Amino acid sequence: MPSEQDLQQLPSKSTEHLQYNSLAIAFHWTTASLFVVAYFSVYYRIWFTTLGEPNNLLAISLHTFAGVMIGFIAILRLVWHRVAPPPGFETGPLIEHLAAKAIHYVLYFFMIFMPLTGYLGLRAPLGWIGTPKFEDTALYAWLVTERLGLTWQEWEAPIDWMHHRAGAFVIWVLILLHAAAALFHH
């Protein structure tokens with residue numbers, strides 16, 4: 001039976017096993033860059049433009065493009081995670097390692113949740129990738145209209161609320177926790 005000290009410390013690994021591979025690093029920084037684009041474009045749209053204005057349309061197009069790409073890259077990252085698992089942890093308290101894993105799982109959840117809720121509440125088609133707005137799909141008719149018995153307004157309001165609140169508050173907290181932990185460990 002392991003001692004309490006064994007449970008509090010993870011075994012040491014050599015530093016060569018503690019580095020992410022190049023593709024994982026590229027996925028990470030591409031995702032981080034797309035988050036910046038998504039946030040910059042949506043806040044630019046909110047603070048500096050009016051509806052119908054060309055800059056407003058450009059900003060929302062950039063926001064949706066960045067969101068779709070974040071979702072796509074998140075899926076690629078998850079596949080790559082299975083192909084080339086991330087490095088192990090250095091020694092340290094078990095609670096730190098559990099917290100790091102938890103934050104990563106929650107970040108992955110939101111990297112898929114945000115683009116999904118963005119699409120499910122979008123009032124316009126994603127014409128640049130040939131995707132109709134969700135309201136025009138058979139899934140919407142089956143799920144929202146037939147199964148849930150909701151109108152578009154009844155469906156869109158809570159979806160939009162989740163997307164905006166998670167984007168305005170939850171994601172920022174997670175990113176700050178992730179960045180603070182990374183700085184702490186470096």
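## F27 in a predicted model

F27 counts as buried because its relative accessibility is 13% (buried: under 20% relative accessible area, with a 1.4 Å probe and protein chains only). F27 belongs to helix α2, residues 22-48 (helices are DSSP runs of H or I, at least four residues, numbered from the N terminus). Leaving aside residues up to four places away in sequence, F27 touches I73, L76, R77 and W80 (contact: heavy atoms within 4.5 Å).

Residues are numbered from 1 along each chain as its sequence is written, and side-chain values use heavy atoms, with hydrogens and water left out.

## Chain

The chain has six helices and zero strands. Of its 186 residues, 28% are buried. Among contacts with a separation of 6 or more, 71% join residues 24 or more positions apart.

## Largest pocket

The largest pocket has a volume of about 2,000 Å³ (the space filled by probe spheres set on grid points joined across faces, edges and corners). A pocket is an open set of points on a 1 Å grid over the protein atoms alone, where a 1.4 Å probe fits, with protein on both sides within 12 Å along at least five of seven lines; lining residues have an atom within 4 Å of a point. Of the 47 lining residues of the largest pocket, Y20, H28, H104, H178 and A182 are the closest to its centre.

How values were computed. Predicted model: local features only at pLDDT ≥ 70, side-chain atom pairs only at ≥ 80, totals over all residues. Helix = DSSP H or I, 4+ residues; strand = E, 2+ residues; numbered from the N terminus. Buried < 20%, exposed > 50% of the residue type's maximum accessible area, 1.4 Å probe, protein only.
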